[in-house]
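Open the model in your viewer and keep the selection panel at hand. The tour goes from one selection to the next.

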Amino acid sequence: MSRAVREPQETTVGELLSLLRFSAGSGHIWLDEQRMLLMHARALAELRKELLDSLGIERARGLLVRMGFVSGQRDGEVAVRERQAGLRAEDAFMLGPRLHSIEGIVSVQKVQLDFDIASKHFYGEFLWENSWECEAHVAEFGCGEDPQCWSQIGYASGYTSAFMGRLIVFKEVECTSMGDSRCRIVAHPAEDWQDEHYLEYFRQHHVAEKLIEFNLGLQHIRRLQPRREYDQKLVGVSAGFRAAFELMRNAVDSAITVLLLGETGVGKEVFARWLHDNGPRAKQAFIAVNCAAIPADLIEAELFGVEKGAYTGAHNARAGRFERAHGGTLFLDEVGDLPLAAQVKLLRVLQTGEIERLGAEQAIRIDVRIVAATNVNLQQAMQAGRFRSDLFYRLNTFPVSIPPLRERTADIPALVLRFVEKYSALYGKKLRGLTDKATRDVQRHVWPGNIRELENVIERAVLLAPDQGYIEATHLWMSPPVPGTDGQVDASGHIGASPGANGDELDAMCDRVLAQNISIASLEQRLMQTAMQRAKGNLSQAARLLGITRPQLAYRLKKEGLPAS
């Protein structure tokens, strides 16, 4: 359906309200994948007054402008996606002014708007009515000689800058706080204003850092702020992580045998490498062996080595993992899966410090630090006769339990940041992090695969996310999440139920589909057609209704030979 025959204002409001959802149950308000807040104007007015009283006019103004600028940038990115999805450029731009009105900030009326995306040209003039910021300022301080819509000016500038891809700055030339009947704002590219003092409010000159340094005491804040990570490899601030790390730090300078306990994927080998890299053996070898991955009939040869002719096929002598780790650290992963015969020999090595190659007549003295790890309950394995008790007590000299990721939710943001940085560099991308919704989904996920699963999810998301953009919730998961029960705002401003369904409704629907012998292919086709009809041909809106990304929907439509508009 051509957008040219649709009412511009109707289209704009509909597009915008389709992005806005209220979830009273979870306490979230969503604009696309960004979390929004509904706050009392009086509370914001008190905060504004406190900033003015404590910081002075110039610093408070700079801080409010920058706060508005960042907020506007985020909404501008939503408008850019809608424009790229096919919404007419001016309609897409007007999403921001209309959102400002929906949020109760100010009513916006367009006077003149002239811009060209390709050439980066922009000129805009708008009227503001019912500005909350003007009302708050006049109520507290009365009218004055200067305009006072600072956060709103910041928002308009940040929004337009994100939309245009260059710094566009608004200036308030009339303001009700100066006695004018309404506020009037005008926008130009930054360099056209030729007002360096004014432009400083919109540039990244670290207002927040100056605020901390001059008013709160930077050193005091640094002392109070917990460290997010301990070094270049281990990341965490949670209580469980700190307990494990403190034990590790106590053992790092000794040669004591360490037993790392924890579920698969919690990072036992990373902990083992940290022990090695930060101890006196750091310049020597770190040898890792997965005991569960080596066949039982080869494990002894792998660990202890082989003499020439020890068995058929042993044409050359070969050093085992113990010899290769001489002077360094040997990491025995999944030690609970060692066969009993190998357990006997391992126990002897731990007791004597000597190994014997298969087929050898003389023992070899070795100096190796043992770090073992297992996800098996060794005490249960002892009771079942699968693990020797004497070996257990020898390995269990210094046990360290590494908690699963579901018990380390405070560590997830730092881990995500680490993995985003790692894979952004690997895939040559510059990403701006996760959207608010994606962050919430990551925090709420149970992570049965622990850190290994988290890393895999982030790697895939980095690959799918657009360069210079954000990782969205749809980039994280192989399957789209089940639609929730958020309320969607309709054109009249009322909140109704979104098209999601609860578990009972889904079960009933599945029963009907199966009873009528409806194929998955025909069901998927009909769902896509219905979504496109409801979205009136808007591919992005239809994708949101289906809980998938726009590229995923476009691919499926093309695959099925269905129209994409």
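Which residues form one aromatic cluster? In this predicted model, select F93, F115, F122, F126, Y155, Y159, F163 and F170, which make up the cluster.

Next, select helix α7, residues 150–164, together with helix α3, residues 57–84. The two helices pack with their axes 5 Å apart, at an angle of about 35 degrees. The crossing of α3 past α7 is right-handed. Coloured by class, the contact between α3 and α7 shows 11 nonpolar, 10 polar and four charged residues.

Three cavities of 30 Å³ or more are present in the structure, and the largest cavity holds about 120 Å³. Its lining has 13 residues; select P97, V108, A156, F170 and I185, the closest to the centre. Helix α7 gives four residues, the largest share of this lining. At least two residues each come from α5 (95–102), β5 (121–129) and α7. By class, the lining has 10 nonpolar and three polar residues, and no charged ones.

Select F241 and F271: the pair is edge-to-face, 6.1 Å centre to centre, with 65 degrees between the planes. F241 sits in helix α12 (residues 239–251) and F271 in helix α13 (residues 268–277), 30 residues apart. Both F241 and F271 are buried.

Then select F304 and F322. Their ring centres are 5.5 Å apart and their planes lie at 15 degrees, so this pair is stacked. F304 belongs to helix α14 (residues 299–304) and F322 to helix α15 (residues 321–324), 18 residues apart. F304 and F322 are both buried.

Technical notes: Residues are numbered from 1 along each chain as its sequence is written. This is a predicted model: local features need pLDDT of at least 70, side-chain atom pairs count only at pLDDT 80 or more; totals for chains, interfaces and linings use all residues. Side-chain values use heavy atoms; hydrogens and water are left out. Axes are lines fitted to C-alpha atoms, for helices over the stretch in contact, and angles run from 0 to 180 degrees between N-to-C directions. A crossing is left-handed if the near helix is turned anticlockwise from the far one by less than a right angle, and right-handed if clockwise. Ala, Val, Leu, Ile, Met, Phe, Trp, Tyr, Cys and Pro count as nonpolar, Asp, Glu, Lys and Arg as charged, and the others, Gly among them, as polar. On a 1 Å grid over the protein atoms alone, a cavity is a set of points where a 1.4 Å probe fits but cannot get out, and a pocket is an open set with protein on both sides within 12 Å along at least five of seven lines; lining residues have an atom within 4 Å of a point. Grid points are joined across faces, edges and corners, and a volume is the space filled by probe spheres set on the points. Rings of Phe, Tyr and Trp (its six-membered ring) pair if their centres lie within 6.5 Å; planes under 30 degrees apart count as stacked, over 60 as edge-to-face and the rest as tilted. Buried means under 20% relative accessible area, exposed over 50%, partly exposed in between (1.4 Å probe, protein chains only).
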